[in-house]
Amino acid sequence: MTGLTVLGATGSIGQSTLSLVDEHPDRFRIRALTAHSRPDELAELALRHRPDLTVIGDDAHHARLKERLAGSGLATAAGLDGLLAAAELPAERVVAGIVGIAGLAPTLAAVRRGAVVALANKECLVAAGDLFRAAVARHGAKLLPLDSEHNALFQAMVGSDGADVEKLTITASGGPFRTAPLAEMRAASPETALRHPNWSMGAKISIDSATMINKGLELIEAHQLFGLPDDRLDVLVHPQSVVHGMVHYRDGSVIAQLGCSDMRVPIAYCLGHPARLPSSVPRLDLARLATLTFQAPDHERFPALPLARACLRAGGAAPTILNAADEVAVAAFLDRRIGFLDIVAVIEEVLAGSDAGAPADLDAVYAIDAEARRAALQAVAQRSHRPVSELAS
Ligand code: NAD
Ligand code: MG
């Protein structure tokens with residue numbers, strides 16, 4: 001039995017993980033489950049998986065969680081201390097499935113005890129990349145990339161020490177606005193932006209896919225995971241979402257990983273690694289698909305991509321600011337306070353207005369993050385006095 005903790009158990013990644021655990025009841029023992037809110041859903045998962053500890057991040061929901069688990073004999077906790085306690089329980093594997101910078105502290109707590117961490121939370125590598133990697137090395141932890149593109153690259157690099165790799169390519173579906181004219185993007189509502197053509201994901205990453213900043217964050221993630229510079233990391237738009245990543249070797253060979261667009265494929269690889277876990281995910285039917293297409297991304301309609309590349313090249317505080325401003329701008333868009341195209345405009349404005357230097361430690365990461373959020377909220381406020389009808393014109 002492998003001890004498993006799922007941080008962000010009620011989310012899209014958390015639920016996919018637990019559905020694989022359901023397929024293998026004799027292989028995994030759940031040590032801890034966490035969520036931010038939704039105590040009823042968390043309680044249901046806890047009753048099914050009987051973890052040693054069930055944690056709700058938002059204290060306000062602790063009473064409800066305790067009420068739902070009364071008489072079950074299951075232990076609960078709440079708040080940041082609770083999240084850290086969950087990560088610190090001695091589970092061999094931890095799925096880091098919290099969204100946003102909120103995932104950094106709990107994921108680091110698992111890293112610091114040398115756990116094997118299946119990393120979905122790309123924000124750890126974007127907002128605190130160098131410091132996070134240093135902590136992984138210092139504490140003998142192991143990262144298994146769970147993000148589908150990075151998981152694909154990781155799989156396609158088995159047997160390589162990296163020295164023979166020329167270039168890495170990650171693919172992007174192009175999101176709901178892949179072929180949309182700018183006018184349509186300008187008028188987009190949260191509902192249309194959330195409608196991802198291929199993947200079913202949480203709200204934040206769905207909007208990030210629509211702006212394609214997700215792919216920009218993933219370039220930074222790939223840089224941190226595989227150590228290649230910006231000019232050896234490529235993005236291709238691939239609307240079928242079948243090829244997730246490709247490793248180009250110095251002998252001209254290209255090794256790609258393929259699979260249907262279901263996160264249970266990369267999650268299963270992380271749960272079973274180095275063995276492969278049997279899973280019931282739909283199998284790829286290439287004859288039925290018949291055609292796979294690839295094209296270069298359009299930087300005019302998706303300026304988030306060159307913006308994120310510039311942050312990757314600049315290093316220092318830029319990726320931390322990019323991540324924080326994006327979190328604020330996406331939340332404001334979902335709240336209908338700004339238009340779709342304003343998301344990237346807000347981030348650009350915050351980046352341009354900052355002179356922060358590279359964070360020397362985690363306190364500095366949190367300070368840069370907080371300052372970027374403050375500036376982003378201000379940029380949102382300046383835009384949101386405009387009526388939405390005007391944003392949409
Ligand atoms: P989601 O919104 O569906 O779920 C997020 C989870 O985190 C929930 O359990 C929620 O309760 C918890 N959470 C949210 N805010 C929190 C806070 N402040 N403190 C503690 N817990 C909090 O998100 P998701 O789509 O599952 O994405 C999770 C992470 O995985 C993100 O970093 C995302 O970029 C990454 N990821 C997701 C997918 C996907 O297919 N969904 C694919 C690749 C990478
Ligand atoms: Mg991805």
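How many nonpolar, polar and charged residues are in the lining of the largest cavity? The lining has three nonpolar, four polar and one charged residues, where Ala, Val, Leu, Ile, Met, Phe, Trp, Tyr, Cys and Pro count as nonpolar, Asp, Glu, Lys and Arg as charged, and the others, Gly among them, as polar.

The model is predicted, with local features needing pLDDT of at least 70 and side-chain atom pairs counting only at pLDDT 80 or more, while totals for chains, interfaces and linings use all residues. Residues are numbered from 1 along each chain as its sequence is written, chains are lettered from A and ligands numbered from 1 in the order in which they are written, and side-chain values use heavy atoms, with hydrogens and water left out.

The magnesium ion (ligand 2) has Asp-147 (OD), Glu-149 (OE) and Glu-218 (OE) as its protein donors, 2.1 to 2.2 Å away. Donors are N, O and S atoms within 2.8 Å of the metal (3.2 Å for Na, K and Ca); water is not among the atoms, so sites may look incomplete. Along the chain the donors follow the spacing D-x1-E-x68-E. Asp-147 lies in the loop between strand 7 (142-145) and helix 8 (148-156), and Glu-218 in helix 12 (residues 213-226), 71 residues apart. Helices (H or I, at least four residues) and strands (E, at least two) are DSSP runs, numbered from the N terminus. Both Asp-147 and Glu-218 are buried, meaning under 20% relative accessible area, with exposed over 50% and partly exposed in between (1.4 Å probe, protein chains only).

Pro-303 sits in the loop between helix 14 (286-289) and helix 15 (304-314). Pro-303 is partly exposed, its relative accessible area being 31%.
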